[in-house]
There are 2 protein chains.
Amino acid sequence: MPDSVHLKPDLPSVLSRYRDVLDLALKDTVSDRHVFLYDMLRYCMGWSDADGTPLETEKGKGVRPSLCLFTCDALGGDIEKALPAAVSLELIHNFSLIHDEIQDSDEIRHHRPTLWNIWGVPKALFAGNVMRVLADRSMFTMLSDDPKLLSASSSIVSEACLEMIEGQYMDISFEGGNSITVDQYMKMISHKTGALLRSSVHIGAIIGSRDGRDVDIFREIGVKLGFMFQIRDDILGTWGETTSTGKPVGSDIRRKKNTLPIIHARETQTQMYKKEISELYSLESLEDHHVDRLLDILDATKASHYCQDMVENYALEVIKDIQNIRFSNNSRGDFRELVSFLVDRSF
Amino acid sequence: MPDSVHLKPDLPSVLSRYRDVLDLALKDTVSDRHVFLYDMLRYCMGWSDADGTPLETEKGKGVRPSLCLFTCDALGGDIEKALPAAVSLELIHNFSLIHDEIQDSDEIRHHRPTLWNIWGVPKALFAGNVMRVLADRSMFTMLSDDPKLLSASSSIVSEACLEMIEGQYMDISFEGGNSITVDQYMKMISHKTGALLRSSVHIGAIIGSRDGRDVDIFREIGVKLGFMFQIRDDILGTWGETTSTGKPVGSDIRRKKNTLPIIHARETQTQMYKKEISELYSLESLEDHHVDRLLDILDATKASHYCQDMVENYALEVIKDIQNIRFSNNSRGDFRELVSFLVDRSF
């Protein structure tokens, strides 16, 4: 699998700085108390191969835990205190990936076979559930000296989880639908992707700052980061290169997903393309020439431009929001670098 | 579906006394914040039909939450304080049922089509996950005035969840295996079924009593109740009547499950039956005459007697254990009645 070891472009410092401390804490939480079950978790986290051989491969970007630790850190908080929540967020993200892959019948993630693809649906389902419990345990065991903080963080995370699942449910309910609006889409992604990202900076801010205003601002920033993240994901799912994303070009179209480019194309030029998109999306399966035709329609409706504009507008907003936060100059620079990455990322 | 309204034998008072207060609290937790998703949950709980029509049908037995409230109550505690945990336990039980049915491809539970059978696997999977988050929320929102108790209860429940999933994982890993021993089986069910039952009385005791000895005794009682419960389940899955269990006679055999009767039959008369059971269990699917033959082997090995003896021995032990608890005479009577029910139950 040569694809799996190709070099990725540099990560922004926010996503690399806490890498080691996070990996250590994650490995500490995903113990090997039950070897044959935990093999799946270690594989999922990118620490080992399917047969249990330790692996030094690329991991996920760790956006959520890094955002949590950075927010806490930049506000002058102790990252040790935020670490259990950061670990919890990363595990919840992985829990949702494992179940998502089952639901979408995704065979590959990050150039590797997905869990259900190797171990079957029932075992993969358990692996997801265990990941979820370990996320709870990370909170409980490590924050037990500060029950109030535990209670606040746990409430935020469980609320985010609920919203995330509701968003995922909306997403699959949209499948096959021809009249999803941009508004409905935005609501869906604010739940599916936004909720957990929002809770990452929200908890980071709660632990890092005693100023309720900081917390409120970061909560808002989190919402916008969520939009940026998912819309950029839709762009990559439509036009991204396989080597970077691990998915073929047009993969979201081939799977007839209601992504923002498609929804926008249907909404903006109703008379011209709505019917044609609906007809193509109602086919049993899409051939290459169908995908090409849909990509042409997206070109004609300037869908890429429209989506990227939205990402950049949210980027401008969060850069503005951050001006109201008492960050050091260094932290402000780090944050800008992260935002630039989220705007342009190709993976 | 006339089966679904048939009358059940009387429940012991422990399982009926808290019914109303539990139902109210459960309905309060499973709100309708997101109608189309929560319809599935209300269906699962037996409150409504698949199309959302409210239903007055038989519910689950509510063993876990009732045990939690009874233990707290009988030890002199305030059941209001234990209610969030009781609700949480019932929701976790339902979460595990929903996912279990997906994994086992069970089409029917309690005479009704299962969730995945109506709404498909992806949506049912979400319903299970939401149930799990609502379980957390029940803890967080209602116990937030007592963070120490929240922390203790949450830890116990998350540990139980982890053990439960590990046990379920062991269970499916055993599938197709011909050499599972009674010891392995006992370890598996102590996780799969025992962990959550144990945590029910454990939390009830923690909230109800300040005496650490009571708590320890109840934790032990919980382990034994778990064994009783699962072994009786295996008996019902092998010889139970459809009208009571909602499953056909011999259903566990037909599905080639490694239940205690089968494991015992393989272990006790190795030379005589081990090979034959293995051969039958390795068939693609079992016909009626295969099931009949296996039932004959279970008769010849006195499997029913062996299993029921185990249930009764555990019953004697818990009755003895309870003598060391400062219960009122009424509570002692209630507990004995519950234990008798668990020994003889036909559903």
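Reply: Helices (H or I, at least four residues) and strands (E, at least two) are DSSP runs, numbered from the N terminus. This is a predicted model, in which local features need pLDDT of at least 70 and side-chain atom pairs count only at pLDDT 80 or more, while totals for chains, interfaces and linings use all residues. Residues are numbered from 1 along each chain as its sequence is written, and chains are lettered from A in the order in which they are written.

Two residues are in contact if their C-beta atoms, placed from the backbone, lie within 7 Å. On that basis chain A gives 33 residues to the contact and chain B gives 33 residues. On the side of chain B that touches chain A, two or more residues each come from helix H3 (35-44), helix H5 (79-104), helix H7 (121-142) and helix H8 (147-174) of chain B. H8(B) has the largest share of that side, 15 residues. By type, the side of chain B that touches chain A holds 16 nonpolar residues (Ala, Val, Leu, Ile, Met, Phe, Trp, Tyr, Cys and Pro), six charged (Asp, Glu, Lys and Arg) and 11 polar (the others, Gly among them).

As for backbone angles, Lys302(A) is not a glycine, yet its phi is positive, about 50 degrees. Lys302(A) sits in the loop between helix H15 (288-300) and helix H16 (303-322) of chain A. Lys302(A) counts as partly exposed because it has 15 C-beta neighbours inside 10 Å; a residue is buried with 20 or more other C-beta atoms within 10 Å of its own, exposed with 12 or fewer, and partly exposed in between, C-beta atoms being placed from the backbone.
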